[in-house]
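Open the model in your viewer and keep the selection panel at hand. The tour goes from shells to fold to single residues.

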Amino acid sequence: MIRAKDINLDTPLEGLTPGGEIYEGGTAAMVNTGSWRTNTPVIDFEKCKHCMLCVPFCPDVAIPVKDGKRLDFDYLHCKGCGICVTVCPFDAITMKSGGEA
Ligand code: SF4
Ligand code: SF4
């Protein structure tokens, strides 16, 4: 079976999985989902309490955590859905118009 990392524009049709199904985990990391973004979340670290509530809600795992603190967004993968804005109980995240980080 062909691996997702080996699929590219030169891959013949017969090399693809039926229905384009992906059988491996973690393949989203290979896609720059941030390029689709039309709105962009912005963190205010003065307000953030590092409660981590936003982290598991992000469908693109675009909120990195290090040493018990959340870091700035991974804008390569953040697609701007706004879920993190909704779940933050401290209003530490706002959405700005446009896809630029
Ligand atoms: S806007 Fe959506 S994709 Fe981006 S960090 Fe927030 S929850 Fe994740
Ligand atoms: S939910 Fe809000 S306060 Fe909690 S870590 Fe995320 S941005 Fe910070």
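This is a predicted model: local features need pLDDT of at least 70, side-chain atom pairs count only at pLDDT 80 or more; totals for chains, interfaces and linings use all residues.

For sorting residues by class, Ala, Val, Leu, Ile, Met, Phe, Trp, Tyr, Cys and Pro count as nonpolar, Asp, Glu, Lys and Arg as charged, and the others, Gly among them, as polar.

**Stop 1: ligand 2.** Now move to ligand 2. Which residues are the closest here? They are Cys-48, Cys-51, Leu-53, Cys-54 and Cys-88, out of 13 that surround ligand 2. By class, this shell splits into 10 nonpolar, one polar and two charged residues.

**Stop 2: the whole chain.** Zoom out and switch to cartoon. The protein has two helices and four strands. Read from the N terminus, the order is β-α-β-β-α-β. The radius of gyration is 17 Å, well over the 13 Å that the globule rule gives for 101 residues, so the protein is more spread out than a compact globule. Along the principal axes, the C-alpha trace spans about 50 × 30 × 20 Å.

Color by burial next. Of the 101 residues, 14% count as buried. Take the contacts between residues at least 6 apart in sequence: 63% of them join residues at least 24 apart.

**Stop 3: the domains.** Color 1-30 as domain 1 and 31-101 as domain 2. How far apart do the C-alpha centres of domain 1 and domain 2 lie? The separation is 28 Å.

**Stop 4: His-50.** Select His-50. Look in the loop between strand E1 (39-43) and helix H1 (54-57). His-50 is not a glycine, yet its phi is positive, about 55°. Is His-50 buried, exposed or partly exposed? It counts as partly exposed, because 13 C-beta neighbours lie inside 10 Å.

**Stop 5: Asp-67.** Last, select Asp-67. It sits in the loop between strand E2 (65-66) and strand E3 (69-70). Asp-67 is exposed, because it has 5 other C-beta atoms within 10 Å, and the cut-off for exposed is 12 or fewer.

Terms used
Residues are numbered from 1 along each chain as its sequence is written. Chains are lettered from A and ligands numbered from 1 in the order in which they are written. A residue is near a molecule or strand if its C-beta atom, placed from the backbone, lies within 6 Å of it. Domain bounds come from an automatic or database domain assignment. The radius of gyration is taken over C-alpha atoms; the globule rule is 2.2 Å times the number of residues to the power 0.38. A residue is buried if 20 or more other C-beta atoms lie within 10 Å of its own, exposed if 12 or fewer, and partly exposed in between; C-beta atoms are placed from the backbone. Two residues are in contact if their C-beta atoms, placed from the backbone, lie within 7 Å.
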